[in-house]
Amino acid sequence: MNVLKRLPLVSMIAGLTLLTACGGNSASDNVTAGGGASAAPAADAAPAQDKPVTIEFWYGLGGKLGENMESLIQKFNASQQEVIVKGIVQADYSETEQKLQAAIATGQVPAAVLSSNMDWARKGYFAPMDELIAQQPDFNKEDFVQTFLKQGQVDGKQYFLPMYGTTQVMYYRKDAFEKNGIDASQLKTWEDLAAAAKKMTVQNGGKTTFFGWEPMWGSGNMIDAVMSKGGSILSEDGTKVTIDSPEWVETWDLFRKWIHEDKIMRIHSGGQGWEYWYKTIDDVMKGQAAGYTGSSGDQGDLDFSIVSAMEQPGWAGTGEGKPVAEALMAGIPAKAGDAEKQAAMKWLAYFTNSENTAFWSINTGYISVRQSALKDPAFVSFSETNPQIKVPLMQASHASAPFQDPTGGKISDALKIAADKVQIENTPAAEALKEAQQTAQAALDKVK
């Protein structure tokens, strides 16, 4: 795609419909008393305040997620006559931010964007939302999952609104588990999962033809596993980067070993946008792998007659897993006009209302941003027959907080580079993480 302190269990976004055109007034013919038709004076253009405000909303979602987003945009446009939202699709979250950076430089910005950057907010590139929120009827900030809401705050001001929550969960083929006598409920640790993956892996002539598991490319899965082992990115006082600690080295080197030496796991990397993500999903759905670690938001793309879901495990002796859970947030660029900012807030408030956030959760698996969504009748009914929808919610209740990078992304970038070295290049974790720590520490020292 789609990082948190202990979260209340909640789940996410609802109702989609169809775009209706907001037509302007048109002149109608008047019939004179003498029966002749005479054109009435052309109707004046509607006053500016009566015209709908058209805004762009940028988002980097593909597949069914993108379809659901477009449907929700259409429903919003049909629901009122004040605002018309035009959805502009980007390849992924990274491309959205890259294009936004260029737009900010030119001043031609969208009114709303599914992207958040705390450093940019501090620099004034995003508009604070507090006054705009106060103008929205029935917004009820207290109903939001407060941990999600706080993730969008900078120096006490709300700069980003949580649109949905996400955490990485495990999806597995039921037939592969059953064939090998594996009970998903008994996989409590990563050691358990590795043993199960080894049992399910099929190798012919030294080549793996069926993989026991597929972690998702990138640092995310491995950071989750480190958090579950008690690791941290920074020391408690925030002055030292700790990504070369034993918890990190041991965990990341196990992933390297599973991928490159044991060959019981593999990753797909590179490609355009979410290409690597969908290749990973395809391996499982087409019977080339027993399972994978992916976003709670993948549920809309999966066939649960074939797969099921489970929480990420912990480690032997450390208790339950503590993977990151985070809110995906939207912001309003500061250079948008006042009318566009108000229109953008109406759209964002609509997207996050209780009914819509429940619908989004049902159709995507993402976590709702409102507590009241749990009581939504459609969600209650759906969860009774689709228990997988509850897995990300249960995991979020014991999740780790997302890392707020004080260097503006340099620590996170160092981790991404290290992850590629471990996952793709088979570099020993100690070597990759030592280099990453030095780079990250230099960046942190510069900021401090």
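Guide: The model is a predicted one. In soluble globular proteins, nonpolar side chains tend to be buried together. In this model, the largest nonpolar core has 82 residues. Within this core, Phe57, Leu61, Met69, Leu114, Tyr164, Trp347 and Leu348 touch the most other members. Helix H11, which spans residues 338–351, supplies the largest share of the core, namely eight residues.

With residues up to four places away in sequence left out of the count, Trp347 is in contact with Phe57, Met69, Leu72, Ile73, Phe76 and Val85. Two of these partners, Phe57 and Met69, are themselves listed with Trp347 among the residues that touch the most other core members.

Asp138 is found in the loop that joins helix H4 (130–134) to helix H5 (146–151). Its phi angle is near 60°, a positive value in a residue other than glycine. Asp138 has a relative accessible area of 78% and is therefore classed as exposed, since the cut-off for that class is over 50%. Lys263 occupies the loop between helix H9 (246–261) and helix H10 (275–285). Lys263 too is a residue other than glycine with a positive phi, here near 55°. Its relative accessibility is 36%, so Lys263 counts as partly exposed.

Definitions and conventions: Residues are numbered from 1 along each chain as its sequence is written. This is a predicted model: local features need pLDDT of at least 70, side-chain atom pairs count only at pLDDT 80 or more; totals for chains, interfaces and linings use all residues. Side-chain values use heavy atoms; hydrogens and water are left out. Helices (H or I, at least four residues) and strands (E, at least two) are DSSP runs, numbered from the N terminus. Buried means under 20% relative accessible area, exposed over 50%, partly exposed in between (1.4 Å probe, protein chains only). A nonpolar core is a set of buried Ala, Val, Leu, Ile, Met, Phe, Trp, Tyr and Cys residues joined through side-chain atoms within 4.5 Å. Contact means heavy atoms within 4.5 Å.
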